[in-house]
Amino acid sequence: MEGEGVQSRKMLRALAGERVDPPPVWLMRQAGRYLPEYRALRERARNFLEFCYAPALAAEASLQPLRRFDLDAAILFSDILTVPDALGRRVWFADGEGPRLDPLIAEARWRFDEPVRAVQRLSPVHETVERVRSELAVDRTLIGFAGGPWTVATYMLQGEGGAKDRARRAVYERGDEVGELLAALTETTALHLAAQTKAGADCLQVFESWAEGLPQALFEPLVIAPTRRLVSRLRELGVQAPVIGFPRAATSEQIEAYARETGVDALSLDTAASASSLRARIGSTTPMQGNLDPQLLVVGGTPLEQGVRQVLRDFAGGPHIFNLGHGITPEAKPENVDTLLRLVRER
Ligand code: CP3
């Protein structure tokens, strides 16, 4: 029926290749510390991972931004580092320092659990998806997600984000073991994403946040090949949901190769990428998501207005999902999100 059911989910229409005008909008990290209601909810869990594994709290965190703003999609509230935790690696979030893990590179023999067992441990995350879908309005899209295999591997290898020097060194020095790690991550991630779609996720995003800074010879084996395997494994598992890939801060040649060779259905562009020049390389049919500078949600005013218009112009050559180029920062002002939504939708 027109206007009802799944067909009314604007983000899914854009992902199917339709030029939806105005474009659907959601924002990376739309649930987070810039919202006072998030900070209050977060205090109810002992630590961040427990928060991610508490379906009632995590579902509420997913829904909070949609209670406050007229966004087109909710994203599962979880983290990419639940996967290493489920694989039996120790993960913790030190206040103000970001995530920490016991680094694999310090160990003579790398140990992690079986993918099938790991995914069973992630069942609270799948329950969160079910809860969000049951509370979410029928015309809103629900996004499931996971980290890209290489991005999650970098955290597991060196125990933290930031510079990936030691993770890259491990690729040269212990290539076979890194290959086994990527294979285990790819399989676990495929099973985890398949479970999310079974629980009600409409589409999936793969966050390859550390696609940057790789030499040409390593981009194919570390990013493209594992992502291609991930997407084909999802299809093998019967998952039909569209997959958005986010190869953050890769070069435009690398983004083009990623779009052509991995099988992802849509591209999420980081703040520095140019949608119009990528369109000239990739064509006008690939749905593209992005890419407002998240700092503009801190600054607001005329720069925000100009930034939104610039993004709308840059992405006008094909199907567009309006988003940021990276996650919202804790300093963002909630009222600037309202302004953004008004600017995207005014005509
Ligand atoms: O987008 C959303 O609203 C959904 C939830 C979500 C979180 N993390 C919640 C979170 C998503 C999609 C992620 C993905 C994620 N996590 C990525 C990929 C996206 C990106 O930013 O590049 C990465 C690299 C991580 C790893 C991670 N988790 C980092 C680097 C941090 C620390 C960031 C910080 O600002 O401190 C986290 C913790 C985290 N994940 C928070 C949230 C809301 C903040 C922690 C808290 O509330 O105490």
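Start with helix α8, residues 149–158, and how it meets α10: in this predicted model, their axes come within 9 Å and cross at roughly 125°. That angle makes α8 oblique to α10, and the crossing is right-handed. On the α8 side, the residues in contact are Pro 149, Trp 150, Val 152, Ala 153, Met 156 and Leu 157, and they meet Val 178, Leu 181, Leu 182, Leu 185 and Thr 186 of α10. Sort those by class and you get 10 nonpolar, 1 polar and no charged residues.

Trp 150 and Leu 157, along with Leu 340, have the most contacts inside the largest nonpolar core, which has 122 residues. In soluble globular proteins, nonpolar side chains tend to be buried together. What does Trp 150 touch, once residues up to four places away in sequence are left out? The list is Leu 157, Ala 167, Arg 168, Val 171, Leu 182, Glu 208, Trp 210, Leu 214, Leu 222 and Val 223.

Now go back to α10, which spans residues 175–199, and look at its other partner here, α7 (residues 123–135): these two pack at an angle of about 30°, with their axes 8 Å apart. Since the cut-off for roughly parallel is under 35 degrees, α7 counts as roughly parallel to α10. The crossing is right-handed. From α7 come Val 125, His 126, Val 129, Glu 130 and Arg 133, facing His 192, Ala 195, Gln 196 and Ala 199 of α10. This contact divides into 4 nonpolar, 3 polar and 2 charged residues.

Helix α7 also packs with α4 (residues 55–68), at an angle of about 40° and with the axes 8 Å apart. That pair is therefore oblique, and α4 passes α7 in a right-handed crossing. Pro 55, Ala 56, Ala 58, Ala 59, Ser 62, Leu 63 and Arg 67 of α4 make the contact with Pro 124, Glu 127, Thr 128, Arg 131, Val 132 and Glu 135 of α7.

Last stop: helix α12, residues 252–261. Which of its residues are buried? They are Gln 254, Ile 255, Glu 256, Ala 257, Tyr 258 and Ala 259. These buried residues pack against helices α11 (216–236) and α13 (275–282), and against strands β6 (243–247) and β7 (266–268). Just past the end of α12, Gly 263 takes a positive phi of about 90°.

Definitions and conventions:
Residues numbered from 1 in each chain as written. Predicted model: local features only at pLDDT ≥ 70, side-chain atom pairs only at ≥ 80, totals over all residues. Heavy atoms only, no water. Axes fitted to C-alpha atoms, helices over the stretch in contact; angles between N-to-C directions. Helix = DSSP H or I, 4+ residues; strand = E, 2+ residues; numbered from the N terminus. Parallel < 35°, antiparallel > 145°, perpendicular 65-115°, else oblique. Left-handed = near helix turned anticlockwise from the far one by under 90°. Contact = heavy atoms within 4.5 Å. Nonpolar A, V, L, I, M, F, W, Y, C, P; charged D, E, K, R; others polar. Core = buried A, V, L, I, M, F, W, Y, C linked by side-chain atoms within 4.5 Å. Buried < 20%, exposed > 50% of the residue type's maximum accessible area, 1.4 Å probe, protein only.
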